[in-house]
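Try each one before reading its solution.

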Amino acid sequence: MQTKNPDIKKTKFTLLEKIYLPEILKGLWYTFKQMFAPNFTFRYPDVRWNPIAAFRGRPVLVERDDKAGERCVACGLCARVCPPMAISMQAVETELEQERHPLTFEINMLRCIYCGYCEEVCPEEAIVMSKEYDITYFSRESAIMDKQKLLVPAESVKDRLDFLRKFKNDIRKESDQVANVQP
Ligand code: SF4
Ligand code: SF4
């Protein structure tokens, strides 16, 4: 059975509402005030945003302090934990005291989801999330970053390394406290 639609009540507008003038003036006043409000935007790319240390930009490999190569000991943990399987490497022995290093190390940035798991599991602070966020590619091949493109000096990711040490130390302190209160 078809039901009758309820009657629609018409809203009664005042004269000022009908001519929209007060609303237009309100809008103009708001726009005028915004001209003197502080800016929250950048004139990118002339002005660049410097992210905070907690920001996760593209993952990079960290150079050894003596500049003799990468810190990475090619343990493979990062490749194993990477959800989209973006990391691949080939491990070889080295004369350096770390004994092993990656002969090749690649991250397919078309797959990377910037999750930071690789950084979290790395025992050597050898792979960290940098502050680089505006990455462009002109071909699929150029999105595959090899060791040469990934390697950066430790000083350039100092903020992130400090942040990680603090973060990991805090977690360790919390787990120590839990272990201490357990009977
Ligand atoms: S950030 Fe995540 S997705 Fe990207 S390489 Fe690391 S583990 Fe893989
Ligand atoms: S987890 Fe760290 S040390 Fe191990 S292979 Fe990855 S980057 Fe290298």
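For sorting side chains, Ala, Val, Leu, Ile, Met, Phe, Trp, Tyr, Cys and Pro count as nonpolar, Asp, Glu, Lys and Arg as charged, and the others, Gly among them, as polar. The model is predicted: local features need pLDDT of at least 70 and side-chain atom pairs pLDDT 80 or more, while totals for chains, interfaces and linings use all residues. Residues are numbered from 1 along each chain as its sequence is written, and chains are lettered from A and ligands numbered from 1 in the order in which they are written.

**Exercise 1.** Find which residues surround ligand 1 and sort them by class.

Step 1: take residues whose C-beta atom, placed from the backbone, lies within 6 Å of the ligand. This gives 14 residues, with Cys82, Cys112, Cys115, Tyr117 and Cys118 the closest.
Step 2: sort them, and the shell holds 13 nonpolar residues, one polar and no charged.

**Exercise 2.** List the contacts of Leu61, leaving aside neighbours within four places in sequence.

Step 1: count a contact when two C-beta atoms, placed from the backbone, lie within 7 Å.
Step 2: the partners of Leu61 are Glu70, Cys72, Phe105, Ala126, Ile127, Lys147, Leu150 and Leu151.
Step 3: for the whole chain, 73% of contacts between residues at least 6 apart in sequence join residues at least 24 apart.

**Exercise 3.** Describe the extent of the protein chain.

Step 1: its C-alpha trace spans about 90 × 55 × 45 Å along the principal axes.
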